[in-house]
Amino acid sequence: MRRNAPVMLGAIRRMVDLELDGEQVRAPEGSTILDVCRERGIDTPTLCYLDNLTPVNACRVCMVEVDGSRVLVPSCSRRVEDGMVVKTDSERVRHSRKMVLELLASSTDMSLAEDAVHRWMDSYGVDVKRYGPPGPSAAAGERDRRQAGHHHVPDGLSAETVAQPVKIDNELYVRDYARCILCYKCVEACGEDAQNTFAIAVAGRGFDATIATEFDVVLPDSACVYCGNCIGVCPTGALMPKSEYDMRQAGTWDESRQAQVTTVCTFCGVGCNLELTTQDNRIVRVDSPIDHSVTHGHLCIKGRFGYEHVQPR
Ligand code: SF4
Ligand code: SF4
Ligand code: FES
């Protein structure tokens, strides 16, 4: 081995001084306000942001107050600057976050959203009935979902909701856009951020806006390759493996009887980590850890759905 070999260092980053909730903090140049909040354990709600996707600033739930800025700024994409004074828990910030969550929860079914979303809804005192009772079509969708056993459906939704029938057009995953908050994560995962398949995009405007395939064709007729990377990033359960959907419909999905185990996919030599969710000694769902250096949370059809051959009969 050559002596005095050069040690490879990462790029040296200048440190930036700012004030965060009354405290002086230092952060590497290029960090976002969200990075600094997380570093310091400040629980900041995010819906459209994910570490493995490009920020799209769609949901506006992560807003913080910055001195000198007329409007609140999105912490997930705004980079820290020298002398910045940031407030993450002011009355204005809390009001804005509550409003965003209330508008979403009034128009979509958030009952299967990630645990963190429910924690934020509690913490900001979200009133899901604030915008009034549902219209007739929304009421029908709500009734269907209650009959299907979705217990967190509120008694009254807003007059306008995105309620619509569940799309079941293939054996691998279902799309329930009554749960969609239009966070764009699935579009990004299907596009440049991971899969580069571009099978889905946002179609329509306002309450008619929805995630759709090209010309709204069924998935088997679309460009979809069934990698399921859109399922992996969806925060609300709008996209769900059919195995999980069927069990929820049958009332047999029971998280208290489930376990998670990480293993390595054996289909090829890439070495993707698989996070298996099992119930009663059967695999019921497959994901991949977002911090895994090979997958960054993304898989192909074989890793995500190719497990039936190992199931006990
Ligand atoms: S399964 Fe994969 S290819 Fe199909 S829509 Fe989702 S991300 Fe795109
Ligand atoms: S389907 Fe899920 S990931 Fe896609 S935009 Fe809707 S909520 Fe976001
Ligand atoms: S998480 Fe920042 S805008 Fe959505």
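In strand 5, Val-86 is the bridge partner of Leu-20, strands being DSSP E runs of at least two residues and helices H or I runs of at least four, numbered from the N terminus. This is a predicted model, in which local features need pLDDT of at least 70 and side-chain atom pairs count only at pLDDT 80 or more, while totals for chains, interfaces and linings use all residues. Residues are numbered from 1 along each chain as its sequence is written, and chains are lettered from A and ligands numbered from 1 in the order in which they are written.

**Sheet**
- Strand 1 (residues 15–20) and strand 5 pair in the parallel sense over two bridges, pairing requiring at least two DSSP bridges.
- The open sheet has five strands in the order 2-1-5-3-4, with mixed pairing.
- Strand 2 (23–28) and strand 4 (73–74) stand at the edges with a single partner strand each, so one side of each is left without a neighbour in the sheet.

**Helix 2**
- Helix 2 (residues 91–107) has 17 residues, and its buried residues (20 or more other C-beta atoms within 10 Å of their own, C-beta atoms being placed from the backbone) include Val-93, Arg-97, Val-100 and Leu-104.
- Strand 3 (63–66), strand 5 (85–87) and helix 3 (115–123) are among the elements that cover these buried residues, contact meaning C-beta atoms, placed from the backbone, within 7 Å.

**Ligand 1**
- Of the 13 residues around ligand 1 (C-beta atom, placed from the backbone, within 6 Å), Cys-190, Ala-199, Cys-224, Cys-227 and Cys-230 come nearest.
- Helix 5 (185–190) and helix 6 (229–233) are the elements that give two or more residues to this shell.

Conventions
Expected span 1.5 Å × (residues − 1). Buried ≥ 20, exposed ≤ 12 C-beta atoms within 10 Å, placed from the backbone. Contact = placed C-beta atoms within 7 Å.
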